[in-house]
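Here is a short report on a structure that may be new to you. Look at the sequence and the model first, then read on.

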Amino acid sequence: MEKYDIIIQGGQSNAEGSGRGPVFKAYEPSEDICYLDVEYTLENVEGGHIVHYTDKPFILKMAEERETPTGLASDFALTFAKKYIEDGKLEKGRKLLIIRSAIGGTGYAFGHWGVGRPLHEKMLEMTDYALSLNPNENRIVAFLWHQGEHEAVYKTTVETFRTFMLDTINSVRTRYALPSLPFICADFVQHWKRHNLAICNPIIDELQNVVDKVGSAMFIRTENLPSNDRSWNNGDIIHFSRQALYELGERYYMAYKLLTDKQ
């Protein structure tokens, strides 16, 4: 029976992984790094979309970059996991399991995320399942999050955003009796943010306030991490490029290391 260190990865498209383009050294899949994935379909509606989960079992597989019509797409949990292993955090005989609960274009504004709402509850269901694979040995080690573009675009108030974010973090920590579970999040792509400061700054400022409030948490800056458009001129300025996501994952890991070294 496998023993897993579990990483929860939640949020929207920059967590799901929408980075394309060239990289200096491509991520190499490892049997020690796994995904727990879920199948779903999207119904496009005015202002966004509705997520419909299928009844199919969760998918446990080796973690790797996704094949898309425009090339491989990466996500930052892959390089986080790679650094976690390189730094000796993964004990012999154990593997890493990444909970893939992030879905692009989702947020609090249209009822996707939030305690009792579909994506949050599915994230918990997936995490429960991961723990059940070996109840005495499996353990959650980190909660990685990237989300907020949705709230900026749809002008979620800072008060509403604060409440939802606090509930999201506290729900996970309380459910699994992990009051100091490291929570790590990050700023938006600077290319997009600079064009939308009026809507982005209030959300990012509040996200940093939440991080300060909950403790055992860290906010990552994203300067010098290019958009897809900067990497291969495709007009996409809201998503980190593939290489940027590699580097972002390493920044998430450094934050994790700082948090856990204090414990």
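His146 is buried, because its relative accessibility is 0%; buried means under 20% relative accessible area, exposed over 50%, and partly exposed in between (1.4 Å probe, protein chains only). The model is predicted: local features need pLDDT of at least 70, side-chain atom pairs count only at pLDDT 80 or more, and totals for chains, interfaces and linings use all residues. Residues are numbered from 1 along each chain as its sequence is written, and side-chain values use heavy atoms, with hydrogens and water left out.

**Around His146**

His146 sits in strand 9 (residues 139–146). Helices (H or I, at least four residues) and strands (E, at least two) are DSSP runs, numbered from the N terminus. Beyond residues up to four places away in sequence, the contacts of His146 include Gly10, Gln12, Asn14, Phe76, Asp187, Phe240 and Tyr252. A contact means heavy atoms within 4.5 Å.

**Nonpolar cores**

A nonpolar core is a set of buried Ala, Val, Leu, Ile, Met, Phe, Trp, Tyr and Cys residues joined through side-chain atoms within 4.5 Å. The largest one has 44 residues. Phe143, Trp145, Met165, Val172 and Phe183 have the most contacts inside it. Helix 7 (residues 197–214) gives the most to this core, with 7 residues. Another core, of 35 residues, lies apart from it; Leu90, Leu225, Tyr246 and Tyr256 are among its members.

**Aromatic rings**

Rings of Phe, Tyr and Trp (its six-membered ring) pair if their centres lie within 6.5 Å; planes under 30 degrees apart count as stacked, over 60 as edge-to-face and the rest as tilted. By this rule there are 16 aromatic pairs. Trp113 and Trp145 form an edge-to-face pair, 5.0 Å centre to centre, with 75 degrees between the planes. This pair links distant parts of the chain, 32 residues apart: Trp113 is in the loop between strand 8 (95–100) and helix 3 (118–132), and Trp145 is in strand 9. Both Trp113 and Trp145 are buried.

Tyr253 and Tyr256 form a tilted pair, 6.0 Å centre to centre, with 40 degrees between the planes. Both lie in helix 9 (residues 242–262), 3 residues apart, about one turn of the helix. Tyr253 and Tyr256 are both buried.

One aromatic cluster is formed by Tyr108, Trp113, Phe143, Trp145, Phe161, Phe164 and Phe183.

**Salt bridges**

A salt bridge is a side-chain nitrogen of Lys or Arg within 4 Å of a carboxyl oxygen of Asp or Glu. The structure holds 18 of them. The table gives some.

| Side chains | N to O distance |
|---|---|
| Lys89 and Asp261 | 3.7 Å |
| Lys122 and Glu125 | 3.1 Å |
| Asp261 and Lys257 | 3.7 Å |

Asp261 is partly exposed, at 48% relative accessibility. Asp261 and Lys257 are about one helical turn apart, because they are 4 residues apart in helix 9.

Lys122 and Glu125 both lie in helix 3, 3 residues apart. Lys122 is buried, with a relative accessible area of 14%, whereas Glu125 is partly exposed at 39%.

A network of salt bridges links Asp5, Glu91, Arg94, Glu137 and Arg139.
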